[in-house]
Amino acid sequence: MTRKLTTAQAIIQFLKAQFISRDGHENAFFGGCFGIFGHGNVAGIGQALQQNPDFPYTLCRNEQAMVHTAAAFAKMSNRLRTLVCTTSIGPGATNMVTGAAAATINRVPVLLLPGDIFARRNVAPVLQQLESPSTQDISVNDCFRPVSRYWDRIQRPEQILTALPEAMRVLTSPADTGAVTLALPQDVQAEAYDYPEELFQRRTWLIPRARPDATLLKRAMGWIQGARQPLIIAGGGVIYSEATKALADFAARTGIPVAETHAGKGSLNYDHPQSAGAMGVTGTLAANRLAAGADLIIAIGTRLSDFTTASKTAFKNPNVRQININVTEFDACKHSALPLVGDARVTLEELSDSLSYRIPEPYTAHIAQLHAEWMAEVDRIYNRRHGPPLSQGEVIGALNSTLGARDVIVNAAGSLPGDLHKLWRTRDPKNYHMEYGYSCMGYEIAGGLGVKMADPDREVYVLVGDGSYLMMAQEIATALQEKVKLNIVVFDNQGFSSIGGLSRACGSGGFGTKYNYGGPDNPQGACPVDFVANAKSLGAHAVRAQTYEQLLQALADLRQQPNTSVVVVETDYSDRVPGYESWWDVPIAEVSESESVQQARSKYLEDRKKERYFWPSQD
Ligand SMILES: Cc1ncc(C[n+]2csc(CCOP(=O)(O)OP(=O)(O)O)c2C)c(N)n1
Ligand SMILES: [Mg+2]
């Protein structure tokens, strides 16, 4: 039995039939397709989507943004669903490269279908084709290779018979997932083939919960039994695996404190007695003090990026060892850890079942004190009445006290990730949606759209800096078109507060980081943007808030609005939440005539000495 379809029609037919199942819950893997048509996909994938109205198609405004939307949709769905992205050839396709990198780095699935140049070749060079004098086997889509976990170019219709199952294997693999790119030459998209019916049969991909090796698990238990000051670092894997309850129980029973990465924030509610809060460069005093003294780190579902390890300076105890629980062997073996390659939830359950361990009493008291001190520090920052312009910390406080426990905040870049990581009080595992693997300016609004589409019952608050808003705000129009309500809070501090601060710390005085007339360092004054007018011009409801009272009023108003709405809050460029005993490796110029750069360089060389290359080995 065969069915004669074009390659594009067969792809859509196949995608509709893909389901996943975990813990007995089953759902369609793809929630539909986002896209922008051009000559490279309009007559192929475009035509196929038109004849499949049960596979919803959404026209968006920018191809990079739609990959962020798909990634946010997947992240919000704990990687159990995603969206497909279709583009034309050339610039439409390469606009997705940044989004692909963000998805792959954050380990979330997205399926990208960029159009590609003719496989037939005889009409080359076609509009937007990159020519090479050395080969005809290349196009701009080769740029997707390093940022994709699976990459393929479909040169003949029957190649999808083997390419599509591979794409699904990677997308649904907890260890291998990321961006999958199938480059589709525009002539092949429209070519027909007699496809076997089996290709279109419903297929359910079981998402496994892998168990760690028994010998290593036993050894890990021995290490925990012997630990006097253990610390858990919870990463995104805890949330994706839905291991938050298992972790809360494990922490309560053993007394082991838990520090969280950006992707892992929300693993514990902020008021859990074992919660030490954010870990690393943007971490809390509690977490960073505990990390410094810890004799055992239990990392769970984390990539251990430089922000988590404070550029390898966070763990100061010379005898510190590490157990690393991760579905990905590559991550589990980092820092010469004892690797427990397995799913976070079942591994925690197995540890809980056979372990009777409680941290020593003095450590319990130490944790309680650090926890209480951190609560007080957050209260202090929330309750400063600094402005106007308001401090970013008090705006975060106003948001935290007015939002509901299930509401979601979305953010990615600037000074907000650091402040939110430290200060946001999470009360639900999906409360805090931060893209900090790629920290890509422009993710915020596009991502918010994906979050809200994944879970329409929750209110979604997009928090976005003025710089990031200017980079990519156009998806407000897509949100309005789709009647997907977003609450957007623009933090207007007239420039790059984060990178300005970093530049000052590097001795460069904030060079090139403010929006001023005549250039960033021109004293003619600020070059303001009317963000309220800008948001209104796209069709959103928008208001400005300068005082704390106006902010509270605006937030109450935002919630009542039926459609996507924006509050522009003016914040103080120079007022910053401090760091808490942590460090980040940003190399400073080795030679310079500037005294401030020279000073920063000497301090840098001192600080770098604290970086650790080696940890005690696992045996
Ligand atoms: C696409 C992209 N380009 C550049 C950067 C580097 N970068 C990080 S934060 C930042 C400034 C962000 O400005 P804004 O959104 O106004 O936030 P603020 O720093 O003022 O809090 C820049 C340029 C980035 N993260 N992403
Ligand atoms: Mg700014």
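**Pockets and a magnesium site**

Four helices, α17 (416-423), α19 (466-471), α21 (497-505) and α24 (595-608), each give at least two residues to the lining of the largest pocket. Helices here are DSSP runs of H or I with at least four residues, numbered from the N terminus. A pocket is an open set of points on a 1 Å grid over the protein atoms alone, where a 1.4 Å probe fits, with protein on both sides within 12 Å along at least five of seven lines; lining residues have an atom within 4 Å of a point.

The model is predicted, and local features need pLDDT of at least 70, while side-chain atom pairs count only at pLDDT 80 or more and totals for chains, interfaces and linings use all residues. Residues are numbered from 1 along each chain as its sequence is written, chains are lettered from A and ligands numbered from 1 in the order in which they are written, and side-chain values use heavy atoms, without hydrogens and water.

The largest pocket holds about 1200 Å³ of space, a volume being the space filled by probe spheres set on the grid points, which are joined across faces, edges and corners. It is lined by 47 residues, and S498, G501, L502, R576 and W584 are the closest to its centre. Helix α21 supplies the largest share of this lining, 6 residues.

Turn now to the metal. The magnesium ion (ligand 2) is coordinated by D466 (OD), N493 (OD1) and G495 (O), at 2.0 to 2.1 Å. Donors are N, O and S atoms within 2.8 Å of the metal (3.2 Å for Na, K and Ca); water is not among the atoms, so sites may look incomplete. Along the sequence, the donor residues of this ion follow the spacing D-x26-N-x1-G.
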